[in-house]
Amino acid sequence: MPKLWNDSIASHREAVRTAVLDATAALVAERGLTGVTMAEVAQRSAIGRATLYKYFADVDAILTAWHQRQVADHLRQLDETWERTHRIEDVLEAYAFICHEHPPSEPAASLHRSAHVNHAREHLVSFIAERLGAVRDDVPPKELATYCVHALQAAGAVPSKAAVRRLVRVTVDGLRGQLRG
């Protein structure tokens, strides 16, 4: 097939996939994870259900693809924060606010146990560890990064933005080993 034909097919497929994931995002925002159905996604994305089934086997497959896109967007956001400020504190605060804005829920638990989330968490730990450098000489950077990720996930359970900022300060103090007493 000519290159133009292949490019147009690939761009069409990507457009359909984007429309499906955008429709899914809107449905999740309105109704939560359990409110997403194949029929609603097809209607919202303006494609036929048969076409939708060519792209995704079921709602779980759509939700997984949507979640993968969300996770990738969050990682991109953290990278952009680093590129803009070159301050690990800003990256950690951005991560804490992501956790705060997307608190854990029972329906989301299955998505968070999937391979793409484990891969993203490993990427995040490495990303933070590389930017931490030698903050402390008694703990390796990767262990400190793991500490940060786990500590800041608690931001999903705190009641306010002020509480998120306090959690970030406590975490950063822990990185530097600052104990008052």
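Let me start with helix α8, residues 141-152, in what is a predicted model. Helix α8 has twelve residues, and from its first C-alpha to its last it reaches 16 Å, close to the 16 Å expected at 1.5 Å a residue.

Which residues of α8 are buried? They are Leu144, Ala145, Cys148, Val149 and Leu152. These residues cover an arc of only 140° around the axis, so they sit on the same side of α8. The face turned away from that buried side carries Lys142 and Glu143, which are exposed. As for partners, the buried residues of α8 pack against α5 (88-101), α7 (115-132) and α9 (161-176).

That brings me to α5 and another helix, α4.

Two packed helices are described by the angle between their axes and the distance between the axes. For α4, residues 59-85, and α5, the angle is about 155° and the axes are 8 Å apart. Angles over 145 degrees count as roughly antiparallel, and therefore α4 is roughly antiparallel to α5. The crossing of these two helices, α4 and α5, is right-handed. On the α4 side, the contact is made by His74, Gln77, Leu78, Thr81, Trp82 and Thr85. On the α5 side, Ile88, Asp90, Val91, Ala94, Tyr95 and Ile98 take part.

Leaving aside residues up to four places away in sequence, threonine 81 touches His86, Asp90, Val91 and Ala94. Of these, Asp90, Val91 and Ala94 are among the α5 residues in the helix contact.

Definitions and conventions
Residues numbered from 1 in each chain as written. Predicted model: local features only at pLDDT ≥ 70, side-chain atom pairs only at ≥ 80, totals over all residues. Heavy atoms only, no water. Helix = DSSP H or I, 4+ residues; strand = E, 2+ residues; numbered from the N terminus. Expected span 1.5 Å × (residues − 1). Buried < 20%, exposed > 50% of the residue type's maximum accessible area, 1.4 Å probe, protein only. Arc of directions from axis to C-beta. Contact = heavy atoms within 4.5 Å. Axes fitted to C-alpha atoms, helices over the stretch in contact; angles between N-to-C directions. Parallel < 35°, antiparallel > 145°, perpendicular 65-115°, else oblique. Left-handed = near helix turned anticlockwise from the far one by under 90°.
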